[in-house]
Amino acid sequence: MKIPGIKIIDRYITSQVLSYFLGMVALLTILLIVETMFELMEMLINKKVPIISVIKLLIYRLPAFLAVTFPVALLGSSELAIAQMSVNNEISAMRTGGIGFRRIMKPFLITGILISILSFATNDYIVPEANHISQNIIREIVLKKGPPNIQRNVFFRDAENRYFYINRLDEQNMIMREIMIYEMTRERFPRVITASEGRWVVDTWLLKNGTIYNYNSEGKITYEMTFQDMEIEVKEDLQDFFKNQRTPQEMSSKELGQQIQILKDAGVDTKNFEVDYHVKFSFPFSGLIFALIGVPLGIQMKRSTKATGIIISIALVFLYYVAYSLCRSLGRGGMIDPFTSSWIPNLIFLGLGILLVFRAEKT
């Protein structure tokens with residue numbers, strides 16, 4: 001049965017959710033900026049970093065702030081919007097007019113889906129590049145004051161289309177360990193060089209105790225040679241080379257997936273990166289689940305107080321991030337499959353949201 005004015009109601013609910021959502025995104029982003037300012041002020045005052053670099057760092061961190069605030073803002077905006085409608089007796093009027101609770105939830109969930117897609121796009125296309133520029137500003141500052149800022153679990157790419165990967169780093173002695181170099185040659189298939197350790201000397205990588213592999217199209221080794229010492233010259237400028245290093249947070253899901261496959265082909269353990277890869281998909285869509293939870297919670301706020309609703313929301317967000325951190329650690333440790341570890345928090349809170357919806361329908 002068609003209910004007159006249902007599309008108008010959908011547009012009205014969507015506008016209410018979006019207005020609260022934008023306000024909460026602005027508020028949460030300001031809080032994150034204020035928190036970050038303490039760190040940046042230390043760089044400005046104690047480390048004598050130019051103020052223009054500090055301002056750039058703050059600007060390029062904004063996309064990452066937005067990606068973090070979207071899910072939480074969806075929870076709060078869904079909760080506040082429906083709570084206000086309940087206080088105004090609009091929800092009661094809709095239900096009296098024959099609109100069921102699940103139908104009332106439809107515009108909330110559609111808004112949640114659209115914002116989750118926006119969150120994924122932001123997190124996968126804008127955030128990695130912004131993070132890379134932000135990190136390069138820090139790397140440039142470090143390079144001016146001392147040795148290259150080499151990190152562990154990081155990828156490099158040089159001008160000759162070679163990929164460098166470092167699994168561990170002895171920061172005290174500046175010795176790189178468990179190194180892999182994936183080299184595109186004139187031949188059809190790449191060459192892989194592995195080494196137990198290496199050092200950076202001027203414009204050369206000095207590798208020790210390694211092996212050179214050639215592979216065919218089926219991934220089988222066609223050539224293998226061990227070496228005790230090997231030098232690889234990096235012709236480009238030192239600063240340009242180290243600006244090309246990327247962590248998983250500086251890669252899109254496509255780029256990270258390609259690097260994972262390269263490492264797998266070379267026999268490297270990729271659990272850490274696989275967890276980061278799946279999180280790129282699971283985390284943005286936590287917002288949809290928060291929207292599902294926020295609607296029935298907002299209905300309950302009419303019977304209690306707004307303060308109680310806010311406290312419950314904060315507690316749920318806290319519990320989600322605890323579950324998220326725990327499962328990510330278990331996935332990286334190999335105790336849970338990387339895909340499963342990335343989606344378990346969403347599945348748990350999805351179950352909670354469905355339970356709350358069923359309870360709200362009966363009230």
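1. Overall make-up. The predicted protein contains 10 helices and 6 strands, and of its 363 residues 47% are buried. The protein exposes about 18,900 Å², of which carbon and sulfur atoms supply 61%.

2. The pair α1 and α2. Helix α1, which covers residues 6-45, and helix α2, which covers residues 51-87, have axes that come within 5 Å and cross at roughly 145 degrees. The crossing in which α1 passes α2 is right-handed, and the residues of this contact divide into 28 nonpolar, 7 polar and 2 charged.

3. The pair α7 and α10. Helix α7 (residues 271-282) packs with helix α10 (residues 338-362) at an angle of about 35 degrees, and their axes are 8 Å apart; here too the crossing is described as right-handed, with α7 passing α10. On the side of α7 the contact is made by K271, E274, V275, H278, V279, F281 and S282, which meet P338, F339, S341, S342, W343 and N346 of α10. Sorted by type, the residues of this contact are 6 nonpolar, 5 polar and 2 charged.

4. Helix α7 taken by itself. The 12 residues of α7 reach 16 Å from the first C-alpha to the last, which is close to the 16 Å expected at 1.5 Å a residue. Its buried residues are F273, E274, V275, D276, H278, V279, K280 and S282, and a reader may wish to view this list beside the α10 contact, in which E274, V275, H278, V279 and S282 also take part.

5. I336 lies in the loop between α9, which runs over 306-332, and α10. Leaving aside neighbours within four places in sequence, I336 is in contact with L330, G331, S341 and I344; of these, S341 also belongs to the α10 residues that meet α7. The C-alpha atoms of I336 and V275 are separated by 10.0 Å, although the two residues are 61 residues apart along the chain.

6. A glycine in α8. G294 has its place in helix α8, which spans residues 286-301. With a relative accessible area of 0%, G294 falls under the 20% limit and therefore counts as buried. From C-alpha to C-alpha, G294 and F108 are 9.3 Å apart in space, while 186 residues apart in sequence.

7. Two residues with positive phi. E178 is a residue other than glycine, yet its phi is positive, near 55 degrees; this residue lies in strand β3, residues 175-183. N209, which is likewise not a glycine, has a positive phi of about 50 degrees and is found in strand β5, residues 204-215. Are these residues buried, exposed or partly exposed? E178 counts as partly exposed because its relative accessibility is 36%, and N209 counts as partly exposed because its relative accessibility is 47%.

Note on methods:
Residues numbered from 1 in each chain as written. Predicted model: local features only at pLDDT ≥ 70, side-chain atom pairs only at ≥ 80, totals over all residues. Heavy atoms only, no water. Axes fitted to C-alpha atoms, helices over the stretch in contact; angles between N-to-C directions. Helix = DSSP H or I, 4+ residues; strand = E, 2+ residues; numbered from the N terminus. Left-handed = near helix turned anticlockwise from the far one by under 90°. Contact = heavy atoms within 4.5 Å. Nonpolar A, V, L, I, M, F, W, Y, C, P; charged D, E, K, R; others polar. Expected span 1.5 Å × (residues − 1). Buried < 20%, exposed > 50% of the residue type's maximum accessible area, 1.4 Å probe, protein only. Areas by Shrake-Rupley, 256 points an atom, 1.4 Å probe, with all protein chains shown as cover.
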